[in-house]
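I opened the model and kept notes as I went. Each entry covers one spot that I looked up.

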Amino acid sequence: MTYAQSAPGALRSSKPRTGPSGESTRTFTQLSHAIKDMGLLRRARTFYIILFAGLCLALAGIATGMVLLGESWFQLLMAAALGIVLTQFAFLAHEASHRQVFTSGPANDRAGRALATAFVGMSYQWWMTKHSRHHANPNKIGKDPDIDPDTIVFTEEDAAGRRGFLRFLTRKQGYYFYPLLLLFGINLHFVSLKSLAAKGDVKGRWIELGIIASRFALYLTVIFLLMPVGMAFAFLGVQLAVFGLYMGSSFAPNHVAMPLVGREEKLDFFSKQVRTSRNVAGGFWASALMGGLNYQIEHHLFPNMPRPFLAKAREIVREHAATTGVHYEETSYVRAQAIVIDYLNRVGLAARAPFECPVVMEYRRS
């Protein structure tokens, strides 16, 4: 089997071919060898050093701007910029957690823990535990924590079980999803801290708690020294809102509205990762905006591949998907967000009150 060096033509929409799992494993092994032979799994330390330095420079620029602005409501612009930069640090921590930055596992862990706790203010061990489960079983009901029911639900079964206010919210949850992401940053901080306070053995509990506590103490001290109390709280609100919206809107297009995998359903590795993931078109700019998450399919197939090589891997993976008949999903950023809204609203229809006639409801919508 050969892999072209240029991008293939338009993909055909088709169902994955059925066949012995051994054949699927063999062809994916060939794909993996091709990827490795092209050097796409080598480290890209220079890229990450430059990226980290650039983010630190941006952080220093925001800090300088905060000091110069003083008691001005233009501080909220600094807050929004800080939310964007902290999200970029979170993307970098995510890459370190996948061993994309350094060859050494411990070095990646040290970098990831420092970025997550000291810069972003979140628990690294919580992220590692949750995200590893997601990568092992993306969109698999009962296995993927990212589709577990919460304020938003991703399956009709979970939507149908809603009661009270949550039923009302779920019915049009697609429209509420992005406004709710404004609170997502607060929730991420809360849940990660809650995991560090959990009973039992928590790896790195006291180190992470100490760093996060120091980070928030320094952050809050600076803000409340520079600004009046009301403005300081507004600054925090804007920063956390932008952080949550940016994080959520970067991760949501990756898997939402892609096929769900049943509790007992089994797929070979390639089909499981490709069928449940979606790429976002846009090349360099999409990669910069989403921290490489726009190449979600390639990231799931080769989670330790550095960001600069994902675009090249995309050409090879697309060809392999077309050859094996596995649907490869890619769309624009705006279209991906629209798909998320539409899917969540369709799932939310299952939260209709029992006495509502589906035929009548469909007539009202027409």
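Is Leu260 buried, exposed or partly exposed? I looked this up and got a relative accessible area of 30%, so Leu260 is partly exposed. A caution for all entries: this is a predicted model.

**Entry 1**

I placed Leu260 in the loop between helix 11 and helix 12. Next I listed its contacts, leaving aside neighbours within four places in sequence. Leu260 touches Asn139, Ile141, Ile147, Phe154, Thr155, Glu265 and Tyr343. I also checked Leu260 against Arg275. They are 15 residues apart in sequence, and their C-alpha atoms are 9.0 Å apart in space.

Ala257 is found in the loop between helix 11 and helix 12. I noted its phi, which is near 80 degrees. That is a positive value in a residue other than glycine. Ala257 has 24% relative accessibility and counts as partly exposed. The cut-off for buried is under 20%.

Glu264 also has its place in the loop between helix 11 and helix 12. Its relative accessibility is 71%, so Glu264 counts as exposed. I then looked across to Gly142. Glu264 and Gly142 are 122 residues apart along the chain, yet 9.8 Å separates their C-alpha atoms.

**Entry 1: Asn139**

I followed up one of the contacts of Leu260, namely Asn139. Asn139 sits in the loop between helix 5 (124-136) and helix 6 (156-160). Its relative accessibility is 2%, so I logged Asn139 as buried. The phi of Asn139 is near 60 degrees, again positive in a residue other than glycine.

**Entry 2: Gln296**

I found Gln296 in helix 14, which spans residues 296-301. Gln296 is buried, at 3% relative accessible area.

**Entry 3: Asp109**

Asp109 belongs to helix 4, residues 105-120. I read 18% relative accessibility, so Asp109 counts as buried. I then found a polar contact of 2.7 Å between the side chains of Asp109 and Tyr124. With neighbours within four places left aside, the contacts of Asp109 are Arg99, Tyr124 and Met128.

**Entry 4: helix 3 against helix 11**

I turned to helix packing. Helix 3 covers residues 75-97, and helix 11 covers residues 229-255. Their axes come within 8 Å and cross at roughly 40 degrees. The crossing of helix 3 and helix 11 is right-handed.

**Entry 5: helix 9 against helix 10**

Helix 9 runs over residues 184-196 and helix 10 over residues 205-226. They pack at an angle of about 140 degrees, and their axes are 10 Å apart. The crossing of helix 9 and helix 10 is left-handed. Which residues meet here? From helix 9 I noted His189, Leu193 and Leu196. From helix 10 I noted Arg205, Glu208, Leu209, Ile212 and Phe216. By class, this contact has 5 nonpolar, 1 polar and 2 charged residues.

Technical notes. Residues are numbered from 1 along each chain as its sequence is written. This is a predicted model: local features need pLDDT of at least 70, side-chain atom pairs count only at pLDDT 80 or more; totals for chains, interfaces and linings use all residues. Side-chain values use heavy atoms; hydrogens and water are left out. Helices (H or I, at least four residues) and strands (E, at least two) are DSSP runs, numbered from the N terminus. Buried means under 20% relative accessible area, exposed over 50%, partly exposed in between (1.4 Å probe, protein chains only). Axes are lines fitted to C-alpha atoms, for helices over the stretch in contact, and angles run from 0 to 180 degrees between N-to-C directions. A crossing is left-handed if the near helix is turned anticlockwise from the far one by less than a right angle, and right-handed if clockwise. Contact means heavy atoms within 4.5 Å. Ala, Val, Leu, Ile, Met, Phe, Trp, Tyr, Cys and Pro count as nonpolar, Asp, Glu, Lys and Arg as charged, and the others, Gly among them, as polar. A polar contact is a pair of N or O atoms within 3.5 Å; within protein, one must be able to donate a hydrogen and the other to accept it, and residues adjacent in sequence count only if both atoms are side-chain atoms.
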